[in-house]
Amino acid sequence: MKLLTANFLACAVKGCKAAASSYPLHFKDAELEMQEVDFQPEFIHNIIPRVDWEGLRVMANELGFPNIPGSKPEGDMLNDEQTLRDLHKLLLETHVVDGKLCCGHCGHEYVIKEGIANFLLPSHLV
Amino acid sequence: MLPTPCTSHVSFDTIYEPAEDSYLFLDTLSSASETAWLTQHFRTGPSPLILEVGSGSGVVLAFVAGNAPTLLGRADILSLSTDLNRAACLATCETVRKAIDAQQPPAHPNTTPESTTTPPTPETTIPRSTHLTSLHTSLATPLREKTVDLLLFNPPYVPTESVPRAPTPADFPDPHPNTSEKVKGKGRDFERESYLLSLTYAGGKDGMEITELLLRDLPRVLSERGVAYVLLCAQNQPQKVVERIRTSGFSEGEEGLGDTEEGQGKGKWCAEIAGSSGVKAGWERLVIVRIWRDL
């Protein structure tokens with residue numbers, strides 16, 4: 001599971017849908033794995049506009065990723081190769097193999113095993 | 001003709017084996033008219049996020065991800081899938097990875113450890129389709145609103161008396177350490193396999209119960225430029241579904257949803273039959289409907 005995935009996910013519990021703190025989900029005990037991918041600056045350019053930057057920043061901080069710009073790169077920053085390479089590493093090369101994603105609202109923990117996150121809910125939460 | 005993704009690694013004990021409906025998806029999406037429509041639709045804007053709901057073997061998503069340059073006119077796509085069966089999630093990851101590697105070979109394949117020369121700094125290359133992950137979940141439940149640009153759904157569409165209960169985490173226990181699951185009891189295995197397979201086809205009343213749940217979620221999960229392709233069979237009354245979306249969008253029957261900004265968003269909902277197969281006594285047996293907002 002690539003780290004970027006977390007940018008598109010929120011807690012699946014019905015009562016959490018309207019709660020702001022149901023996103024971003026927070027990684028816990030995350031075992032990360034790097035899988036080298038060719039550097040594709042054009043791809044990073046095209047991904048940046050669709051990323052929720054605040055969510056990405058929170059996640060990067062929690063996982064101890066340095067060098068993530070405080071705000072969404074714009075203008076000249078998009079030509080800075082080092083910035084793009086750092087983002088490439090974070091967005092396309094880093095995988096979560098095992099761990100949990102936790103909701104900041106209800107505390108529910110979604111288990112990630114062998115890169116597959118389990119978002120099935122026990123019947124009392126559906 | 002574009003190649004059909006390889007699924008030789010998939011065990012079809014609990015996973016739907018690619019069949020006529022799957023192939024109708026491939027044929028429809030690669031038809032000249034749909035390719036032209038999709039290429040025009042996604043010619044600009046950020047990298048599209050493609051979600052296949054209930055991906056099974058992953059053959060449909062792999063086809064789209066692998067052939068994205070031909071089908072969508074761009075390779076900078078992110079793919080994602082969901083399935084209620086964990087085995088299907090693992091299978092889909094593999095099917096999509098293989099298809100992307102076959103159709104868009106990496107410019108710099110991982111150098112073998114034996115190569116003694118200093119590793120070259122990875123060079124800049126053109127984008128390649130990227131599979132984010134496969135999520136073990138129901139429909140598009142954990143997806144944030146307005147994230148999905150292209151949604152694909154080959155639903156359980158067979159009319160049945162009822163829909164099977166939804167699986168819970170308890171249905172997917174940790175595999176026994178000495179993989180003796182098969183030894184534990186043939187009867188129980190058979191029961192579990194039949195149950196998981198029933199999730200792939202049983203659609204409840206008119207075969208529409210699961211499809212309706214997904215349709216109702218479209219206004220939430222699709223981005224403004226979002227497009228969904230949903231397969232229906234004759235008993236699902238596709239013509240009625242199309243008419244309903246055209247006239248009332250998704251507001252019908254959902255209290256308040258259609259009237260809220262969040263529910264309907266901007267633009268008018270459109271629906272069109274994009275592909276069909278198996279004409280029987282004058283009726284198309286299977287059709288694929290394209291649903292999108294006209295902005």
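In the predicted model, helix H3(B) passes helix H5(B) in a right-handed crossing, a crossing being right-handed if the near helix is turned clockwise from the far one by less than a right angle, and left-handed if anticlockwise. Two packed helices are described by the angle between their axes and the distance between the axes. Here the axes of H3(B) (residues 59-66) and H5(B) (residues 86-103) come within 8 Å and cross at roughly 25 degrees, where axes are lines fitted to C-alpha atoms over the stretch in contact and angles run from 0 to 180 degrees between N-to-C directions. H3(B) and H5(B) are therefore roughly parallel to each other, the class for angles under 35 degrees, with over 145 counting as roughly antiparallel, 65 to 115 as roughly perpendicular and the rest as oblique. Helices (H or I, at least four residues) and strands (E, at least two) are DSSP runs, numbered from the N terminus.

The contact draws on B:Val59, B:Leu61, B:Ala62, B:Phe63, B:Ala65 and B:Gly66 of H3(B), and on B:Thr92, B:Thr95, B:Val96, B:Ala99, B:Ile100, B:Ala102 and B:Gln103 of H5(B); two residues are in contact if their C-beta atoms, placed from the backbone, lie within 7 Å. By class, the contact of H3(B) with H5(B) comprises nine nonpolar, four polar and no charged residues, with Ala, Val, Leu, Ile, Met, Phe, Trp, Tyr, Cys and Pro counted as nonpolar, Asp, Glu, Lys and Arg as charged, and the others, Gly among them, as polar.

Chain B contains ten helices and seven strands, and buried residues make up 45% of its 295 residues. A residue is buried if 20 or more other C-beta atoms lie within 10 Å of its own, exposed if 12 or fewer, and partly exposed in between, with C-beta atoms placed from the backbone. Among contacts in chain B between residues at least 6 apart in sequence, 81% join residues at least 24 apart. In strand S4(B) (residues 148-153), six of the six residues are buried, so S4(B) is largely enclosed by the rest of the structure. Four bridges join S4(B) to strand S1(B) (residues 49-53) in a parallel arrangement, and B:Glu52 has B:Leu152 as its bridge partner in S4(B). S4(B) also pairs with strand S5(B) (residues 222-233), in the parallel sense over five bridges, and here B:Val148 has B:Leu222 as its bridge partner. Strands pair if DSSP finds at least two bridges between them.

In chain A, four strands form an open sheet in the order S1-S2-S3-S4, with antiparallel pairing. Strands S1 (26-34) and S4 of chain A stand at the edges, each with a single partner strand, so one side of each is left without a neighbour in the sheet. S1(A) is joined to strand S2(A) (residues 94-102) by seven antiparallel bridges, and A:Glu31 has A:Asp98 as its bridge partner in S2(A). Elsewhere in chain A, A:Arg85 lies in helix H3(A) (residues 81-93) and counts as partly exposed because it has 16 C-beta neighbours inside 10 Å.

The contact between the chains takes 30 residues from chain A and 34 residues from chain B. Helix H1 (41-47) and strand S4 (116-117) of chain A each supply at least two residues of the side of chain A that touches chain B, and H1(A) gives the most, with five residues. By class, this side of chain A has 19 nonpolar, six polar and five charged residues.

Residues are numbered from 1 along each chain as its sequence is written, and chains are lettered from A and ligands numbered from 1 in the order in which they are written. As the model is predicted, local features need pLDDT of at least 70 and side-chain atom pairs count only at pLDDT 80 or more, whereas totals for chains, interfaces and linings use all residues.
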